[in-house]
Amino acid sequence: MTHIRRAAGRRALPFAVLLPAAALMAAGPSLASERGDGAAPSEGTSSGGTKPTVVLVHGYWADASGWDRIIESLQAQGYPVVATANPLRSLSGDADYLAARLKTIKGPIVLVGHSYGGAVITNAAAGNPNIQSLVYIAGFVPEKGETAFQLATKFPGSRLTDDPTAPVPTALNAVPLGGNATNVDLYLKPEKFSDVFLSGRLDASRAQVLAATQRPATAASGNEPTEAVAWKTIPSWYLVATDDRTIGTDNLRFMAKRANATTVEVDAPHAVMETNPDDVTNLILRAAGDSKPSLAKTGSNRQTAIIGGVAVLAVAGGTALVIRARRT
């Protein structure tokens, strides 16, 4: 992993674990920690003289409008941009939806995913020769067979619940969709939104607007195993938010390291697009025009230290989602 550092990232906060069928992830202040619908592709500076199309994929509790300032910056520099809607219904269905959209885009593509959107791009990009780079913005980078919820339980850092025995994580509201008891939409509670999603870094009025307009995700989407792993064959870039209270900063670092991604750390919340759009834009530009990072090494004997807790989810009484967390 090529690691670019500018400001010291602080350690993740103690972490409440989320489990298979309860809730999680989503989609925007800070010092970047650095050192070291879409128009047709336009002529520019990328390889072959054509600028790639940048495709942006949001995650839980957000929508495509969260990319607005990043879109403006990229378009001002001549990049064609597509900020696609992410259905947030099921990982396989969301990935199929995105894959179909990507096939309509001619020329090279830089594919960007935030939060759960990272899991979606990991699946959707596989087998598409036009994908030039993958960019993960505080996003999930799953291995085959892993779920988003499993990845969020490796290390402390999430504030989605402050009561491990609660039937639903205390920061979430579960809205039944009918049928199976676990078929629910998950929303961040308005009073928790600023702390969990934004780390208290936006003014109250803006945080309230984002809370009111959040898009829910099904519990099933975070429990579905990954089928394809595009980061093993496509160069990847990663932005670690060092004050991530949704997934947890140490979980982000684990995934970035495992993928051997070119990484920057930014003193920012999970919704880094809202607070640090310039840092997000700069990383996308690096992926669009800079020399390519190395690919993840697969099949190696390299050990990855895992310091986390073990999480277990159960469906209590056939109706409730239960989270269990154990800290080390």
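Leu 88 sits in the loop between strand S4 (81-84) and helix H2 (91-103). In this predicted model, Leu 88 has a phi near 60°, a positive value in a residue other than glycine. Its relative accessibility is 0%, and Leu 88 therefore counts as buried. Ser 115 is not a glycine either, yet its phi is positive, at about 55°. Ser 115 counts as buried because its relative accessibility is 0%.

Tyr 60 and Trp 61 are both buried. Together with Tyr 116, Tyr 60 and Trp 61 make up one aromatic cluster. Another of the pairs brings together Phe 155 and Phe 254, with centres 6.1 Å apart and planes at 55°, a geometry classed as tilted. This pair links distant parts of the chain: Phe 155 belongs to the loop between helix H4 (148-151) and strand S7 (172-176), Phe 254 belongs to helix H8 (residues 249-258), and 99 residues separate the partners. Phe 155 and Phe 254 are each buried.

H8 is mostly covered, with 9 of its 10 residues buried. The buried residues are Thr 249, Asp 250, Asn 251, Leu 252, Arg 253, Phe 254, Met 255, Ala 256 and Arg 258. Their cover includes H4, strand S10 (236-241) and strand S11 (262-266). Just after H8, a positive phi of about 55° is found at Asn 260.

The lining consists of Leu 91, Tyr 116, Ala 119, Phe 140, Pro 142, Glu 146, Thr 147, Ala 148, Leu 151, Ser 221, Glu 224 and Thr 226. Helices H3 (116-124) and H4 are the elements that give two or more residues to this lining. By residue class, the lining divides into 7 nonpolar, 3 polar and 2 charged residues.

Where does Asp 185 lie? Asp 185 is part of strand S8 (residues 184-188). Asp 185 has a relative accessible area of 8%, so this residue is buried. Beyond four places in sequence, Asp 185 touches Arg 89, Asn 173, Ala 174, Val 175, Leu 177, Pro 216, Ala 217 and Thr 218. Pro 216, one of these contacts, is 31 residues from Asp 185 in sequence, while their C-alpha atoms are 5.7 Å apart in space.

The mean pLDDT of the protein is 81, and 73% of its residues reach 70 or more. Residues 5-47 stay under 50, and the model gives this stretch 199 contacts beyond four places in sequence. Residues 297-328 also stay under 50, and the model has 70 such contacts for them. Where pLDDT is low, the predicted coordinates should not be read in detail.

Methods. Residues numbered from 1 in each chain as written. Predicted model: local features only at pLDDT ≥ 70, side-chain atom pairs only at ≥ 80, totals over all residues. Heavy atoms only, no water. Buried < 20%, exposed > 50% of the residue type's maximum accessible area, 1.4 Å probe, protein only. Phe/Tyr/Trp six-rings, centres within 6.5 Å; stacked < 30°, edge-to-face > 60°. Helix = DSSP H or I, 4+ residues; strand = E, 2+ residues; numbered from the N terminus. 1 Å grid on protein atoms, 1.4 Å probe; cavity = no way out; pocket = protein on both sides within 12 Å on 5 of 7 lines; lining within 4 Å. Nonpolar A, V, L, I, M, F, W, Y, C, P; charged D, E, K, R; others polar. pLDDT = per-residue confidence, 0-100. Contact = heavy atoms within 4.5 Å.
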